[in-house]
Amino acid sequence: MAEKNVETPLTKGNDVKVAMLTGAQLFEKIGRPTRIVAPMVDQSELAWRILSRKYGATLAYTPMFHAKLFATSEKYRRDMWCDMDGNKDVDRPLIVQFCANDPEYLLSAAKIVQDRCDAVDLNLGCPQGIAKKGHYGAFLMDDWDIVHALIKKLHDNLDVPVTAKIRVFPEKEKTLEYAKMILDAGAQFLTVHGRLREQKGQKTGLADWDIIKYLRESLPPNTVFFSNGNILYPEDITRSMEHISCDAIMSAEGNLYNPGIFNAASGLDKEKSFPRVDIIAREYFEIVKEHQQSQASKNAMKSHMFKVLRPFLTHHIDIRAELASLNAKTAFEVWEEKLIRPVEDTVQRIFQQVDIEQKDEVFKGDIELWGGAYYTVPYWRCQPYFRKVDGLSADKRITKSLEESRQALDCGEVNKPDKKRKPESTLERPLQKEGKV
Ligand SMILES: Cc1cc2nc3c(=O)[nH]c(=O)nc-3n(C[C@H](O)[C@H](O)[C@H](O)COP(=O)(O)O)c2cc1C
């Protein structure tokens, strides 16, 4: 890892620059966070970060901002970044993420935020068509010189450290070379999302923890290293950290559907691990209201509500219809009247049932071939979401696949599976999700 600028202040012309922190120093300074809210376009905005920290997140990333737009368009900046973003009392530690392919624009954008964040991250993982067209994100995996130049530019000129978030190549050795190049250019934290650039939409599939582990073991031991992928439940965080020996775990979709995902240490305390939807909806709403200057939070609220309330709304379609009618311009009183209070009243009625204690139980299933277990969670509690692919939801595909493999075992057709074996076939993949950036 490039460790220039460590002890002494850098001087540039007559300017005295603050000593740059190494990854290890930065990690220490921000309290050795282990649970990270992933960068998520339109979703990891101010209010969501505040809520997630309340439920156990210890570091958060902003959504990816487009560096050129951020540097040149005041309107874009106003929509994405307000005076409370990165505020010392409510929004730290914070890493601001950009996508870019031009070092000058990246530096200009990063300078605007450097006083209100702990580091600036470069997005090298976005696999979407828009990133292909704009030549950024995961499409820079084909252009290592640009990646190096972008990171070095920030490392040499910014007051805060630069970090990077990558996807993996099919070849682990090539991925290792890529990671080394990124660290050599000056990145101080490395986040590895264990999926290929091609793993998006219907082909998302399972992230590969083994390649992440290989990188972890092959890179210098002082590398501050975060893993991303395959986190459905709080306990998956512990499992992943133990498997990979990484410094922290980042979660995106798991966090969106259940902000309690970060409560890995809470064991079976369902109030923490699977919080009630009425409580989360109310808390999030109050945070958005309290930070009205954050346009990004107002814009994101409807989408967040659909996600945290998802299991509940399938049982209460009248409330779902009301939510569909709301938007970022709707007055807060209307949100209160049409969504928040009806959700609270309904859950309150549910809890007045005499047998609610039994009904409110959370059940853990058996350990599956993929290493974790599915939970059965009452619909009034936040929980992960399995998308349908080819008409089957992921857990059904797993069950089907397990049945098939058990039948094959019974018939002596295949060798007994190694317990540690990583699921290989698409059918065994629990996390088929769409549209990952
Ligand atoms: C709604 C959404 C928005 C995302 N936006 C970004 C982004 O802005 N920058 C980024 O690096 N990754 C982005 N991602 C990818 C996530 O950060 C993460 O790498 C990926 O979802 C895998 O993590 P998960 O399995 O916990 O969902 C996004 C993912 C989702 C679901």
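Q: Of the contacts in the protein chain between residues at least 6 apart in sequence, what percentage join residues at least 24 apart?
A: The share is 68%, where two residues are in contact if their C-beta atoms, placed from the backbone, lie within 7 Å. This is a predicted model, in which local features need pLDDT of at least 70, side-chain atom pairs count only at pLDDT 80 or more, and totals for chains, interfaces and linings use all residues. Residues are numbered from 1 along each chain as its sequence is written.

Q: OK, and how many helices and strands are there in the protein chain?
A: The protein chain has 19 helices and 14 strands; these are DSSP runs, with helices being H or I of at least four residues and strands being E of at least two, numbered from the N terminus.

Q: Which strands make up the closed barrel?
A: The closed barrel has 8 strands in the order S3-S4-S5-S6-S7-S8-S9-S10, with parallel pairing, and two strands pair if DSSP finds at least two bridges between them. From one strand to the next, the twist averages 25 degrees, with axes taken as lines fitted to C-alpha atoms, for helices over the stretch in contact, and angles running from 0 to 180 degrees between N-to-C directions.

Q: How many bridges join S3 to S10?
A: These two parallel strands are joined by 3 bridges, and arginine 35 has isoleucine 249 in S10 as its bridge partner.

Q: And where does H10 lie?
A: Helix H10 lies across S3, strand S9 (224–228) and S10, and runs at about 130 degrees to S10.

Q: Switching topic, which residues of helix H5 are buried?
A: In helix H5 (residues 103–113), the buried residues are Tyr105, Leu106, Leu107, Ala109, Ala110 and Val113. A residue is buried if 20 or more other C-beta atoms lie within 10 Å of its own, exposed if 12 or fewer, and partly exposed in between, with C-beta atoms placed from the backbone.

Q: What covers the buried residues of H5?
A: The cover includes strand S4 (59–66), helix H3 (67–72), S5, strand S6 (119–124) and helix H7 (144–157).

Q: What about the backbone, which residues does the cis peptide bond join?
A: The cis peptide bond joins arginine 92 and proline 93, with omega about -5 degrees, and proline 93 lies in the loop between helix H4 (74–80) and strand S5 (94–99).

Q: Where is serine 245, and is it buried or exposed?
A: Serine 245 sits in the loop between helix H10 (234–244) and strand S10 (248–251), and it counts as exposed because it has 12 C-beta neighbours inside 10 Å. Although serine 245 is not a glycine, its phi is positive, at about 55 degrees.
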